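Biologist: I am new to reading structures. Could you walk me through one, feature by feature?

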Amino acid sequence: MAANKVIIEVRINEYTMRDDNPHVPYSPQEIADEALACWREGAAFIHYHARDPQTGAPSADHGLYADTVRRIKDHSDLITMPTLGAWWMPSPEERISHIVEMAKDPATTPDCAPIDMATSNVDTYDATAKRFKTTDTVYLNTTQTWEYFATTIREAGVKPVQALWNISSVRHTQAFVEMGLFEEPLYTEIVLTEGGILAGHPGTIKGLEAFLDFIPETDAWQWSVMSYGGNLFPIAAAAMERGGHVSIGLGDYHYREMELPTNARLVARLAQLARDMGREVATPAEAREMLGIRAA
Ligand code: ZN
């Protein structure tokens with residue numbers, strides 16, 4: 001039985017640039033190669049953003065998104081989760097259009113797509129200068145947008161994943177389960193935020209535990225934790241001890257204190273930590289069974 005196994009998700013690139021860590025993958029080939037290296041070290045789940053292959057700039061190119069999934073599926077049963085577009089895209093329809101396009105071909109259909117279950121101020125605070133770098137960046141997600149995303153993602157044959165930024169996200173997710181818009185078992189992601197982003201709980205054990213007071217204790221609600229902008233290791237053991245899963249990657253943080261590792265090395269360290277704590281690492285097939293995701 002896979003119930004107690006740890007699912008390791010790799011958050012492979014986000015918007016991190018190679019100035020911060022030279023191992024950040026940009027092109028579909030680079031992302032797929034690194035995803036497969038992570039899979040060999042114990043990752044079951046990969047989250048990625050399309051990036052311009054040369055410059056690394058964020059890209060909304062449907063072809064780049066699709067090519068990445070195709071390359072990963074050719075060689076593994078890794079669970080794939082491209083991002084949705086966020087606050088810089090003009091409409092909910094455009095934020096999700098690549099998922100709809102990818103789902104037209106089974107070879108490029110992703111397994112999951114994330115929905116950020118919060119509306120947040122996402123200006124970055126510079127604690128040294130004691131000022132915000134910008135002062136008007138709102139990441140807007142209306143209830144109507146959530147309903148549209150939940151419905152559209154499911155109609156595309158893809159599983160919605162709920163990104164939880166605060167306790168309110170937990171409550172909204174529960175309401176959506178009651179309304180039949182999210183189907184259990186859930187795979188939810190606790191978004192702790194560091195690096196000057198103040199929209200989430202801090203990337204500490206206390207920040208995590210505040211969530212766990214409110215997340216239902218049932219196998220039907222699985223949760224993973226990330227530290228967006230910070231080092232996950234101080235939290236990882238606590239998450240595993242509490243029955244949770246872990247999400248790590250150069251997308252979230254450069255890990256300079258570990259001498260700029262690759263994503264695969266981060267996964268290997270987490271897998272070793274899980275085994276040292278007496279929890280086995282879930283294969284993609286086991287993770288699919290736990291999370292109600294169709295077999296590859
Ligand atoms: Zn992302």
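Modeller: Start with one term. A residue counts as buried when its relative accessible area is under 20%, and as exposed when that is over 50%. Keep in mind that this is a predicted model. Now take strand β2, residues 45-48. Phe 45 and His 47 point one way, while Ile 46 and Tyr 48 point the other way. All of them are buried.

Biologist: Which strand pairs with β2, and in what direction does it run?

Modeller: Strand β1, residues 8-11, is joined to β2 by three bridges, and the two run parallel. Look at Glu 9: its bridge partner in β2 is Phe 45.

Biologist: How do I read a metal site? Which residues coordinate the zinc ion?

Modeller: List the donor atoms, then check distances and angles. Here Glu 14 gives two OE atoms, and His 47 and His 49 each give NE2. The distances are 2.0 to 2.6 Å. Along the sequence, the donor residues follow the spacing E-x32-H-x1-H. His 47 and His 49 are both buried.

Biologist: Why is the arrangement around the zinc ion called irregular?

Modeller: Begin with the ideal. Four tetrahedral donors would have angles of 109.5 degrees. To count as tetrahedral, all angles must lie between 85 and 135 degrees. The four donor atoms here subtend angles of 53 to 139°, so the arrangement is irregular.

Biologist: Where is Gly 251, and is Gly 251 buried or exposed?

Modeller: Gly 251 sits in the loop between β12 (245-248) and α8. Its relative accessible area is 7%, so Gly 251 is buried. Contacts tell you what surrounds a residue. Setting aside residues up to four places away in sequence, Gly 251 touches Arg 11, Ile 12, Asn 13, Glu 14 and Thr 16. Glu 14 is also a donor to the zinc ion.

Biologist: Is Asp 19 buried or exposed?

Modeller: Asp 19 is in the loop between β1 and α1 (28-41). Its relative accessibility is 76%, so Asp 19 counts as exposed. Asp 19 and Ile 7 are 12 residues apart in sequence, and their C-alpha atoms are 30 Å apart. For Gly 251 and Tyr 26, the separation is 225 residues in sequence and 11 Å in space, C-alpha to C-alpha.

Biologist: What does Leu 208 touch?

Modeller: Leave aside its neighbours within four places in sequence. Its contacts then include Ile 190, Trp 223 and Val 225.

Biologist: How many bridges join β10 to β11?

Modeller: Eight bridges join them, and the strands run parallel.

Biologist: Where does Thr 188 lie, and what polar contact does its side chain make?

Modeller: Thr 188 is in strand β10, residues 186-193. Its relative accessibility is 0%, so Thr 188 counts as buried. The side chain of Thr 188 makes a polar contact with the side chain of Trp 221, at 3.0 Å. Beyond four places in sequence, the residues Thr 188 touches include Gln 162, Leu 164 and Ser 224.

How values were computed. Residues are numbered from 1 along each chain as its sequence is written. This is a predicted model: local features need pLDDT of at least 70, side-chain atom pairs count only at pLDDT 80 or more; totals for chains, interfaces and linings use all residues. Side-chain values use heavy atoms; hydrogens and water are left out. Helices (H or I, at least four residues) and strands (E, at least two) are DSSP runs, numbered from the N terminus. Buried means under 20% relative accessible area, exposed over 50%, partly exposed in between (1.4 Å probe, protein chains only). A polar contact is a pair of N or O atoms within 3.5 Å; within protein, one must be able to donate a hydrogen and the other to accept it, and residues adjacent in sequence count only if both atoms are side-chain atoms. Contact means heavy atoms within 4.5 Å. Donors are N, O and S atoms within 2.8 Å of the metal (3.2 Å for Na, K and Ca); water is not among the atoms, so sites may look incomplete. Four donors count as tetrahedral if all angles lie between 85 and 135 degrees; four count as square planar and six as octahedral if opposite donors are over 155 degrees apart and all others between 65 and 115; anything else is irregular. Two strands pair if DSSP finds at least two bridges between them.
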